[in-house]
Amino acid sequence: MLGPIGADVTQNVTRSAVSRMIKGLEEHLELQLFERAGRQIGLTEDGVYYAAKISKAMDILEVASRELIDTKAGRGTLSIGMLPTFGTKWLLPRLGSFMQLHTDLTLDITSSDGELDFADERIDVAIRFGFGNWPGARSEPLMSEELQVVCSPRVMDGPYPLTDYEQLRRHSLIAHSSRPGTWSHWLQAVGASTEGYDKGLRLEHFYMVLQAAKSGLGIGLLPSYLAADDIANGSLTAPFPVRVVSPGGYYLVTPWDKIDLPRVQLFRDWVMGQI
């Protein structure tokens with residue numbers, strides 16, 4: 001049995017109103033959900049079963065309502081799923097301006113480049129590289145990506161400097177394990193053969209490729225935005241001036257059920273303005 005229905009349970013709702021709602025629900029279901037004994041009220045067996053089934057849905061409804069109210073008032077939490085390298089080198093350096101514009105909004109940023117699961121990860125919006133075909137979500141193109149060959153300056157001072165594309169065969173080409181076709185794409189685009197190269201080192205993220213190239217472990221193929229600072233400060237060199245546009249591009253990916261949330265719209269408008 002439950003205790004008396006007090007003011008803490010029936011805030012802004014009268015006892016008679018609660019009774020009418022209970023009666024209406026029972027009439028709709030054609031089941032008795034509650035047992036009454038004076039001022040005491042408890043659940044019947046059917047009521048226990050029904051409560052267990054709808055409690056999760058009610059929790060979701062409550063959370064969604066609070067999120068919507070908070071975001072409309074300029075508060076709440078915006079959850080962003082970002083690619084590790086893109087987020088570190090492109091998004092985070094720019095994010096200060098968004099935070100200054102929306103001081104009451106909390107940002108929760110997670111780093112991942114795996115499959116998108118908005119429900120499990122509770123992400124409001126994500127930035128991904130691909131072709132704009134993520135199911136259950138709106139995909140809006142942000143920017144393309146240009147790839148360029150980079151290496152340690154020591155390579156250019158060594159016995160086999162990269163004076164032409166054929167010299168790449170004398171070095172280990174560092175491959176991105178999640179995008180293994182980038183070297184073949186670049187070589188085809190510049191008219192070079194795609195056969196006979198040493199691709200002995202495969203790394204999971206572009207920032208790992210960056211560090212490996214700086215350390216002289218091989219020749220890297222990197223997005224130009226990622227390599228720019230290191231080329232400028234001399235820790236990397238770009239032996240060939242050519243840049244090749246990657247197949248695919250960066251997209252802002254938003255699940256359909258969240259595209260109208262004010263906090264998501266605020267971030268979308270801001271990030272589109274950064275392009």
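Keep in mind that you are looking at a predicted model. Begin with its largest nonpolar core, a set of 34 residues in which Leu-78, Leu-91, Leu-222 and Phe-267 have the most contacts. Now colour the elements that each supply at least two residues of this core: β3 (77–82), α3 (84–101), β5 (125–130), α7 (206–214), α8 (224–233), β12 (249–255) and α9 (262–273).

Next, zoom in on Phe-267. Leaving aside residues up to four places away in sequence, Phe-267 touches Leu-78, Ile-80, Leu-91, Leu-95, Phe-98, Val-125 and Leu-252.

The crossing of α3 and α8 is left-handed. Which residues make the contact? On α3, pick Thr-85, Phe-86, Lys-89 and Trp-90; on α8, pick Tyr-225, Leu-226 and Asp-229. Coloured by type, the residues of this contact split into four nonpolar, one polar and two charged.

**Over to α7**

Select the buried residues of α7: Phe-206, Val-209, Leu-210, Ala-212 and Ala-213. What do they pack against? Their partners are the helices α3 and α8, together with the strands β7 (146–150), β8 (172–176), β9 (198–203) and β10 (220–223). For a last stop, step just past the end of α7 to Gly-216, where phi is positive, at about 80 degrees.

Note on methods:
Residues numbered from 1 in each chain as written. Predicted model: local features only at pLDDT ≥ 70, side-chain atom pairs only at ≥ 80, totals over all residues. Heavy atoms only, no water. Core = buried A, V, L, I, M, F, W, Y, C linked by side-chain atoms within 4.5 Å. Buried < 20%, exposed > 50% of the residue type's maximum accessible area, 1.4 Å probe, protein only. Helix = DSSP H or I, 4+ residues; strand = E, 2+ residues; numbered from the N terminus. Contact = heavy atoms within 4.5 Å. Left-handed = near helix turned anticlockwise from the far one by under 90°. Nonpolar A, V, L, I, M, F, W, Y, C, P; charged D, E, K, R; others polar.
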